[in-house]
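Work through the exercises below with the sequence and the coordinates at hand. Each task is followed by a solution in steps.

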Amino acid sequence: MSEIPKAYEPHSVEEKWLRIWHEGGLFTADPKSPKPTYSIVIPPPNVTGALTMGHVLNNTIQDILARKARMEGREVLWLPGTDHAGIATQTVVERALKKSGDIRHRDDLGREKFLERVREWKEKHGGIIVQQLKKLGCSCDWSRERFTMDAAYSQCVQQAFVELYKKGLIYRGKRMVNWCPVSLTALSDEEVVMKEQKGTMFYFKVSVAEQPGVFLTIATTRPETIPGDTAIAVNPADPRHARFIGRHAIRPLPSELAREKKLIPIIGDEHVDFKFGTGVLKVTPAHDKADFEIGRRHALPLIEVIDPAGRMNPAAGADLKGLDRFKARQIAADKLRELGALEKEEPYTNNVGFSERADAPIEPRLSEQWFLKYPGVVKARDSIQHDEVSAPDAASAEKIRFHPQRWARVYDHWMANLEDWCISRQLWWGHRIPVWSPGPDTLSIAGSKGLDLEKFLGGLEERGCVYSRLPARDSGQSEGMAGEIRRFIAIPPGQEEIVQQLERLGFAQDPDVLDTWFSSWLWPFATMGWTGNPDADSGNETLQKFYPTTDLVTGPDIIFFWVARMIMAGYEFMGQLPFHNVYFTGIIRDKQGRKMSKSLGNSPDPLDLIAKYSADALRFGAMRSAPLGQDVLFDEQNVELGRNFCNKVWNACRFRQMQQGEVQGEIEPALLMADDKWVLLKLDRAIREINTAFCEYKFSDVTATLYRFFWSEFCDWYLETRKATLAQTGAGKSNILAVTDFVLSHVLRLLHPFLPFITEELWRGMGYAGDMPADQGGKTIMFAPWPKSLGDDFKSHYGLDESQERLIELRNAFIVQGRNLRRTANIPANKKVKFIFQPAQPIVPEDVEILKLLLGAGAIEIAPNFQPGKHILSIRHEFGALYLPVEGLVDIAAERGRLEKAREKIQAEIAKVSQKLADPHFTGKVPAAVLEEHETRLRQRRNELAATEAGVKALSD
């Protein structure tokens, strides 16, 4: 045992224990261990990212789960890693190169040289977030850190692609996608951010060809796409327009086309909302997702009028050709006005999709892409536990349990409405699609070598490749090799010789890369070395020991893009679910309820908070404000509270050490006083509450219980009541120290998952590690046994029963009300006063001393028959009555006036809060935490009002 310094210096402690943990390999998982397993994989942050408050919340929860599992005697693998973040990383690097003047476009460098620059960027910036996570105290097995673009992981991605391609689940086709005209790539829905935009609604008319002089009015926000319209649609149930179905309209743009080329059909489709706008819809199948579906239902032609860069192509007409799409919008409106077709313009606000990374409006666009028909759908749909059962029961039933459970319904809805996944991206940074196609000279090269191409390609399948021959129309192309057939050969990893053979024949690899999510959906097993080879995988000790994982901690915003896909991948490639529990964090908001963002300036830098308060303080503050299933209202005061709590733990341990005596001595049952038994019962209750909260993934409830027990019940009550006895010597003091050590050793272990640094330091400093086996707390607290509730045998041996607990509770509540008497009379806490006490039942001298100590009394007179007179404040309680004569202590008139003013102020505040809580507009829109804060404030003010009114009455003549 070493002496605990007077002041807690968190930064030196954190640096010390980080070094010990990492140098000792204490986070390293052993797949040969006979212990039961606990495993969790980190949601991989972007490789070039930096720590945010979202990362703090997510990774603190994971660390809490991992550290608790170690203390429960499990072999823990918390597997870390980073994601290559295809479009995000490429955008950042490309922007930096443009800013430095090195390029105007990535084509200036070419693919390979550009990728060299990206790798240089990754090496320079890629380790930042990993170091920051270590600083937070994350106990990952850093020896197993993975990166989605490392060689072994890339082979997993390639193998998964080839397996799915072989099953016919991956295909190439022309479909409507989200297109970024700046990054020149398809985007997933997750990469599109909706932003409210102020625009214009243009009303224009089209003539019904068969009825000269009859017009239909159409409302649109995009007149520049009129040249791409191939139909006008109305709802068959619309009595205004149904009669026009089967006729034709004359499209006004491009204006230079002959009349017969402007004729487009008027069709009936139930998709048209005849209550919106005019009830007449222009259908542009090549530039609108909903219109594309209408086009498919009615076999409409497709006319593309906007090119990949967002500029109008020749099909848009002479007036618009070559213009940026937004410039073309106004020109198109002017042209309609010139033709007499524009009826009116109105301001219009709507939501527009923007590329998350390029911050440019996306363009719905027809594009030839690679698509995946989701595998394992049936099993994935049935994998979620919907009944209210415990997590262990769900695991034994081979079900996945969501926390909170309501997200299961969201998952079900998405799984019931699956669409094929566009897995290709027109980027350079990422996993290049492992498919090779012949070039224009392939047939002649093969002929010159006397090679039967079909036989050669078919023979490659014996070596694990997948060969497919598709008609050009199926691949979405107007023509293929030899004008009729397109050939594709998918190559598994480790076949470089085949690649070289194909490239000598003029084959070229597909230029696109895979969607970043295609690599991350394999994360739970690919990080453990999965290869797709059954023999190799069955001999993989890590995979066999730690898969499936126990928990996943993530945000609900990626329940579709990541969670659901991982579940499907788990069933497809591993034959079982990937995890047993999914904990969904809330969105972190500021205390005004606004989502944190750089633009609002309300998002603090976690490293600044660590520097100011400590990593433990940040962790504790984040968890205290993170209730299950609710958004997190972040307030820096919670981090400050975390720091104060750490100081309280430090000072309590130092106080115990200063009493000297034997460390963790034997508790003698016969010497236990009522307060000793009370604190042991309170500890038992706290352990039970904490373990229940952990089972329910209610981490903020755990912190609330820890805070209440340690600060209030142990420090404010137990230690304060024991100070009088601790000032003495003998067996009584030794027994109190034994009880104190028993409680503190349990508290430090309960706190360790939340406060890893300070608990390590105090566990060693208090000497609690001394007699423990090395692997059970002797070396580090992280392997000390997790506290169990005190059993019946323990309670019986030490004479613990709830009747004694109730008596102490009554006394403590009585003391609180007695302190309020001083506060009501405005008597300073350090001024000794005389109280008169009428006990409700016989009282022992020790309790009188405790009352005197905790009330700050100079004297306490026991007067069973006391009759109060004027100017005496009093309380009546089940424990007894307490009187405080204030004559001569305060200015009676002045104090009465002060209390009357205070009463008016409290009444006004009660009225204000009550009015808010009675307003459904307020209660219906504020977060639950804000509502609870107002309700608590109202209860407190009402209690204050009752005490103040009693004081006014007592001080009245």
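A residue counts as buried when its relative accessible area is under 20%, as exposed when that area is over 50%, and as partly exposed in between. The model is predicted.

**Exercise 1. Classify the ring pair Y374 and W421, and state whether each residue is buried or exposed.**

Step 1. The ring centres of Y374 and W421 lie 5.8 Å apart, and the planes meet at 15 degrees. Rings pair if their centres are within 6.5 Å, and planes under 30 degrees apart count as stacked. The pair is therefore stacked.

Step 2. Y374 sits in the loop between β14 (363–372) and α10 (377–381), while W421 belongs to strand β16 (residues 421–422). They are 47 residues apart, and the pair links distant parts of the chain.

Step 3. W421 has a relative accessible area of 3%, so it is buried. Y374, at 11%, is buried as well.

Step 4. Compare a second pair, F518 and W521. Their centres are 5.6 Å apart with 45 degrees between the planes, and the pair is tilted. Both F518 and W521 are buried. The count of aromatic pairs comes to 48.

**Exercise 2. Find which ring K134 lies over and which ring K195 lies over.**

Step 1. K134 is over the face of W142, 5.2 Å from the ring centre.

Step 2. K195 is over the face of F354, at 4.8 Å from the ring centre.

**Exercise 3. Describe how helix α24 packs with helix α29.**

Step 1. Helix α24 (residues 674–695) and helix α29 (residues 802–824) have axes 9 Å apart, at an angle of about 100 degrees.

Step 2. Angles of 65 to 115 degrees count as roughly perpendicular. α24 and α29 are therefore roughly perpendicular to each other.

Step 3. List the residues in contact. From α24 come A674, D675, K677, W678, L681, K682 and R685. From α29 come Q804, E805, I808, E809, R811 and N812.

Step 4. Sorted by class, this contact holds 4 nonpolar, 2 polar and 7 charged residues.

**Exercise 4. Describe the surroundings of V280.**

Step 1. V280 is in strand β12 (residues 280–283).

Step 2. Its relative accessible area is 6%, so V280 is buried.

Step 3. Leaving out residues up to four places away in sequence, V280 touches L216, T217, I218, A219, I232, A233, V234 and H241.

Step 4. V280 and L339 are 59 residues apart in sequence, and their C-alpha atoms are 20 Å apart in space.

**Exercise 5. Examine the backbone at P404, P548, L184 and Q660.**

Step 1. Most residues other than glycine have a negative phi, and most peptide bonds are trans.

Step 2. The bond from H403 to P404 is cis, with omega near 0 degrees. P404 lies in the loop between β15 (401–403) and α12 (407–415).

Step 3. Y547 and P548 are also joined by a cis peptide bond, with omega about 0 degrees. P548 is in the loop between α19 (541–546) and β23 (549–554).

Step 4. L184 is not a glycine, yet its phi is positive, about 55 degrees. L184 is in the loop between β5 (170–180) and β6 (185–187). With a relative accessible area of 26%, L184 is partly exposed.

Step 5. Q660 has a positive phi near 60 degrees. Q660 lies in the loop between α23 (636–658) and α24. Its relative accessible area is 59%, so Q660 is exposed.

Methods:
Residues numbered from 1 in each chain as written. Predicted model: local features only at pLDDT ≥ 70, side-chain atom pairs only at ≥ 80, totals over all residues. Heavy atoms only, no water. Phe/Tyr/Trp six-rings, centres within 6.5 Å; stacked < 30°, edge-to-face > 60°. Helix = DSSP H or I, 4+ residues; strand = E, 2+ residues; numbered from the N terminus. Buried < 20%, exposed > 50% of the residue type's maximum accessible area, 1.4 Å probe, protein only. Lys NZ or Arg CZ within 6 Å of the ring centre and 35° of its normal. Axes fitted to C-alpha atoms, helices over the stretch in contact; angles between N-to-C directions. Parallel < 35°, antiparallel > 145°, perpendicular 65-115°, else oblique. Contact = heavy atoms within 4.5 Å. Nonpolar A, V, L, I, M, F, W, Y, C, P; charged D, E, K, R; others polar.
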